[in-house]
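Hello,

Here is the structure I promised to pass on. Please open it first, then read my notes below.

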Amino acid sequence: MEDWKDKIMNSLEGLDKAQPPANAFSKIQQKIHALPPKKKQRSDNWMAVAAAIVLMVCSNIFFISSYVSSTETNSQLQSYTDLISSYNIYAE
Amino acid sequence: MIDEKKWLEEIAGGGEEALELLYQHYSNRVYNTIISFTKSAEDAEEVLQDVFVTVFQTAAGFRFDSSVSTWIYRIAVNKSLDFLRKKNSRKRLGIFSSIYIRDSAEVKHDIADFAHPGVKMENAEESKLLFRVIDELSENQRTAFILTQVEGLPQQEVADIMNVSRKSVESLLQRAKANLRVALEKYYPGRGNSNKTTS
């Protein structure tokens, strides 16, 4: 009953490799020669990406350092206030 | 002994002679895979060119994490599937417009009668039927089936190409074969009976 399906399923046994046309490589060469020079030099893209990353990291470091210094100033002010109030307490 | 690493280094530096050597070494295998996906010699040639242009463009970025063979097969499979997706979307657009033109709900697909050039003469008719129903499979099942059954690659190499485990390839292959049988039954419901009566 299933013979016809088995025959179809096994029809690829002993298959030989299909051969590409003889002139296929010359067409590939033509395509390569027609490529814009930008596509051949991919290192330019990586340089741009690296520059963007460096810029982003530097700006983040600058932002974080300025933020930390401002909070330090605030905490120093707070401690001065505490100290003053403490002195006031003891003064009373 | 061939030195693929040296070839790729030369290709990365723009060496076309090395590309030709690589092409001579892999073109038959790559073309054989591609034609099984596209089912057309013209389309397969177009995709083959695209594969080797991509190899030329991306050789500098190849890190030898996998074998060169696996890398080239992976490019070939991806290019073939991309090509088919584009072709099918164009076909869908055509079908969509035909709905308005013909005012008919039934749309007939033009299924190409593809005969693989490497198939044995006595299996020619059966293989045509098989290639007709291969389109019924999902992309992964189709890839696993073509690479193992048409290209004859070991399951582990297919797993490397598809970036899945060997167990997954085994499972995909089993499901592909089961689905092909269902599709054959669907497309040719009377075939078993007619063979029985005539023989």
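In chain B, 59% of the contacts with a separation of 6 or more are between residues 24 or more positions apart. Keep in mind that this is a predicted model. The secondary structure of chain B is nine helices and zero strands. Of its 199 residues, 33% count as buried.

Confidence next. The model scores ipTM 0.80 and pTM 0.72. Chain B has an average pLDDT of 87, and 85% of the residues score at least 70. Residues 104-109 of chain B are below 50, and beyond near neighbours in sequence this stretch has two contacts in the model. Where pLDDT is low, the predicted coordinates should not be read in detail.

**The core**

The largest nonpolar core has 52 residues. Which of them touch the most other members? They are B:Ile11, B:Ile34, B:Leu48, B:Phe52 and B:Val55. Eight helices of chain B each supply at least two residues of this core: α1 (4-12), α2 (16-38), α3 (41-58), α4 (68-102), α5 (124-133), α6 (139-150), α7 (155-162) and α8 (166-187). The largest share, nine residues, comes from α2(B). In soluble globular proteins, nonpolar side chains tend to be buried together.

B:Leu48 deserves a look on screen. Leave aside its neighbours within four places in sequence. B:Leu48 is then in contact with A:Pro20 and A:Ala24 from chain A. From chain B, its contacts are B:Ser27, B:Val30, B:Tyr31 and B:Ile34.

**Where the chains meet**

The contact takes 26 residues from chain A and 37 residues from chain B. On the chain A side, α1, α2 (24-33) and α3 (37-40) of chain A give two or more residues each. The most comes from α2(A), with seven residues. By class, this side of chain A has 13 nonpolar, four polar and nine charged residues.

Helix α5(B) also packs against chain A. Its buried residues are B:Glu126, B:Ser127, B:Leu129, B:Leu130, B:Phe131 and B:Val133. They pack against α1 (3-9) of chain A together with α8 of chain B.

**Helix pairs around α8(B)**

Two packed helices are described by the angle between their axes and the distance between the axes. For α6(B) and α8(B), the angle is about 95° and the axes are 8 Å apart. These two helices are therefore roughly perpendicular to each other. From α6(B), the contact uses B:Asn140, B:Gln141, B:Ala144, B:Phe145 and B:Thr148. From α8(B), it uses B:Val169, B:Leu172, B:Leu173, B:Arg175, B:Ala176 and B:Asn179. By class, this contact has six nonpolar, four polar and one charged residues.

Now α7(B) against α8(B). The angle is about 100°, with the axes 8 Å apart. That makes α7(B) roughly perpendicular to α8(B). The α7(B) side is B:Gln155, B:Gln156, B:Val158, B:Ala159 and B:Met162. The α8(B) side is B:Arg166, B:Ser168, B:Val169 and B:Glu170. The residues of this contact divide into four nonpolar, three polar and two charged.

**Single residues to check**

Two loop residues have a positive phi. B:Lys39 sits in the loop between α2 and α3 of chain B. Its phi is near 55°, a positive value in a residue other than glycine. Is B:Lys39 buried or exposed? B:Lys39 is buried, because 20 other C-beta atoms lie within 10 Å, and the cut-off for buried is 20 or more.

B:Phe64 lies in the loop between α3 and α4 of chain B. Its phi is near 60°, again a positive value in a residue other than glycine. B:Phe64 has 10 C-beta neighbours inside 10 Å, so B:Phe64 counts as exposed.

Last, B:Thr58 in helix α3 of chain B. With 15 C-beta neighbours inside 10 Å, B:Thr58 counts as partly exposed. B:Thr58 and B:Glu4 are 54 residues apart in sequence. In space they are 15 Å apart, C-alpha to C-alpha.

Best wishes

Key:
Residues numbered from 1 in each chain as written. Chains lettered and ligands numbered in written order. Predicted model: local features only at pLDDT ≥ 70, side-chain atom pairs only at ≥ 80, totals over all residues. Core = buried A, V, L, I, M, F, W, Y, C linked by C-beta atoms within 7 Å. Buried ≥ 20, exposed ≤ 12 C-beta atoms within 10 Å, placed from the backbone. Helix = DSSP H or I, 4+ residues; strand = E, 2+ residues; numbered from the N terminus. Contact = placed C-beta atoms within 7 Å. Nonpolar A, V, L, I, M, F, W, Y, C, P; charged D, E, K, R; others polar. Axes fitted to C-alpha atoms, helices over the stretch in contact; angles between N-to-C directions. Parallel < 35°, antiparallel > 145°, perpendicular 65-115°, else oblique. pLDDT = per-residue confidence, 0-100.
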